[in-house]
Amino acid sequence: MAKQVHSPREDAEFDFILGMSGVPVLAYFTGTWPKAIEPCRAMDLVMSAIAIDRRGRLTVVRTDITRCPSTTERYGITGAPSYVLLKEREAVAHGTGPVTIAGVREFLDGHL
């Protein structure tokens with residue numbers, strides 16, 4: 001079975017995943033500082049469910065702000081958790097803060 005959520009270790013790996021994806025990419029950005037840990041863990045569960053729900057139609061990428069600083073800057077991410085929907089490497093929509101599975105589905109349905 002293919003990996004449900006990709007977790008690049010560096011900016012180059014993030015770019016590789018983008019280049020290999022033939023479908024839109026939902027990148028969500030996480031942090032490891034104390035105030036971000038719990039909301040980001042909650043997002044991990046939500047995004048894992050979305051990856052399963054939208055398998056084959058969407059690539060989900062968990063992006064650590066510390067490990068991928070250039071990617072974080074490129075998409076204007078200023079806090080965690082945040083997420084961005086990418087089509088052909090271009091950001092088409094952004095969101096911030098923890099969100100429910102239903103909220104992510106609504107976000108995606110409005111932009112796909």
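Is Glu 88 buried or exposed? Glu 88 counts as exposed, because its relative accessibility is 79% (buried is under 20% relative accessible area, exposed over 50%, partly exposed in between, with a 1.4 Å probe and protein chains only).

A quick note on what you're looking at: this is a predicted model, where local features need pLDDT of at least 70, side-chain atom pairs count only at pLDDT 80 or more, and totals for chains, interfaces and linings use all residues. Residues are numbered from 1 along each chain as its sequence is written, and side-chain values use heavy atoms, with hydrogens and water left out.

Glu 88 sits in the loop between E4 and strand E5 (90-96), and Arg 89 lies in the loop between E4 and E5 too.

| Residue | Phi |
|---|---|
| Glu 88 | near 50 degrees |
| Arg 89 | near 70 degrees |

Most residues other than glycine have a negative phi, and most peptide bonds are trans. Arg 89, at 41% relative accessibility, counts as partly exposed.

Now for a cis bond: the peptide bond from Ala 80 to Pro 81 has omega near 0 degrees. Pro 81 is in the loop between helix H3 (69-74) and strand E4 (82-87).

Finally, a helix pair. H2 (residues 34-53) passes H4 (residues 101-109) in a right-handed crossing (the near helix is turned clockwise from the far one by less than a right angle).

Conventions:
Helix = DSSP H or I, 4+ residues; strand = E, 2+ residues; numbered from the N terminus. Axes fitted to C-alpha atoms, helices over the stretch in contact; angles between N-to-C directions.
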